[in-house]
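Have the structure open while you read.

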Amino acid sequence: HDDIRDLVKFAAARHVTIVPEIDVPGHCMAAVAAYPNLCSTNDTSIKVDPGTHFAEWHDDGSFTMFVDNTLNPANEEVYDFLEKVFSEVTTLFSSEYIHVGGDECYKGFWAQNPACQELMRRNNYSTVDQLQGYFMRRVQRIIEKLGKKMIGWDEIAEDSLPTQQVAIMCWRNQKIGYEAARKGYRVIMTP
């Protein structure tokens, strides 16, 4: 913690704001390796090993994950965990924003999870993609409760979020950024 505080102070003296990023609901292999109950498969064999073949990217830009590295949006323990993580991050960084990532979230394991299917039924969702919107709205409430604003990659704008306090970093293409701006999001073009 002291190292982070020193780095934030060093940056601030040079007019730089460090914005922390806790990438959710995907890119969570380290978290689910430590807490397998947070993913949809409860896979206790997950190990963090960058040298392994854990995903395949397809020519159309889509991908398939072979390992569940995604937090389960239907599990209340996930939101308790994230509240603890974001609370700690809030004490270390003075930035008004917390970056939540939100990109490259593989939803294949959600499609097979009974709790996710029940959450979809209760909310009248027709696709698992809508679960990410549900998840992001929950995360936004946690971040706002902590007195911060949410920023994330453009995928977080695919389902409706309140726009007043959310910022979108548009990385996939300019058209997505223009559309997000028209919807009222704060947009940073980051191709």
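**Salt bridges and a helix pair**

At 16% relative accessibility, R138 counts as buried, since the cut-off for buried is under 20%. Keep in mind that you're looking at a predicted model. In total, the structure holds 9 salt bridges.

**How α3 and α6 pack**

- The axes of α3 and α6 are 10 Å apart, and the two helices pack at an angle of about 35 degrees.
- If you follow α3 past α6, you'll find a right-handed crossing.
- On the α3 side, the residues that meet α6 are E76, V78, Y79, L82, E83 and F86.
- On the α6 side, the residues that meet α3 are Y134, F135, R138, V139, I142, I143 and K145.
- Sorted by class, this contact has 9 nonpolar residues, 4 charged ones and no polar ones.

- R5 pairs with D2 in a salt bridge, and their closest N and O atoms are 3.5 Å apart.
- Both R5 and D2 sit in helix α1 (residues 2–12), 3 residues apart, which is about one turn of the helix.
- R5 is partly exposed at 36% relative accessible area, while D2 counts as exposed at 55%.
- Over in helix α5 (residues 114–122), E118 and R121 are also 3 residues apart, again about one turn of the helix.
- The side chains of E118 and R121 meet in a salt bridge, with 2.5 Å from N to O.
- E118 is partly exposed, with a relative accessible area of 29%, whereas R121 counts as exposed at 54%.

**A linked group**

- Which residues are linked in a network of salt bridges? They are D154, E158 and R172.
- As a general point to take away, side chains of opposite charge can pair when their charged atoms come close.

Methods:
Residues are numbered from 1 along each chain as its sequence is written. This is a predicted model: local features need pLDDT of at least 70, side-chain atom pairs count only at pLDDT 80 or more; totals for chains, interfaces and linings use all residues. Side-chain values use heavy atoms; hydrogens and water are left out. A salt bridge is a side-chain nitrogen of Lys or Arg within 4 Å of a carboxyl oxygen of Asp or Glu. Helices (H or I, at least four residues) and strands (E, at least two) are DSSP runs, numbered from the N terminus. Buried means under 20% relative accessible area, exposed over 50%, partly exposed in between (1.4 Å probe, protein chains only). Axes are lines fitted to C-alpha atoms, for helices over the stretch in contact, and angles run from 0 to 180 degrees between N-to-C directions. A crossing is left-handed if the near helix is turned anticlockwise from the far one by less than a right angle, and right-handed if clockwise. Contact means heavy atoms within 4.5 Å. Ala, Val, Leu, Ile, Met, Phe, Trp, Tyr, Cys and Pro count as nonpolar, Asp, Glu, Lys and Arg as charged, and the others, Gly among them, as polar.
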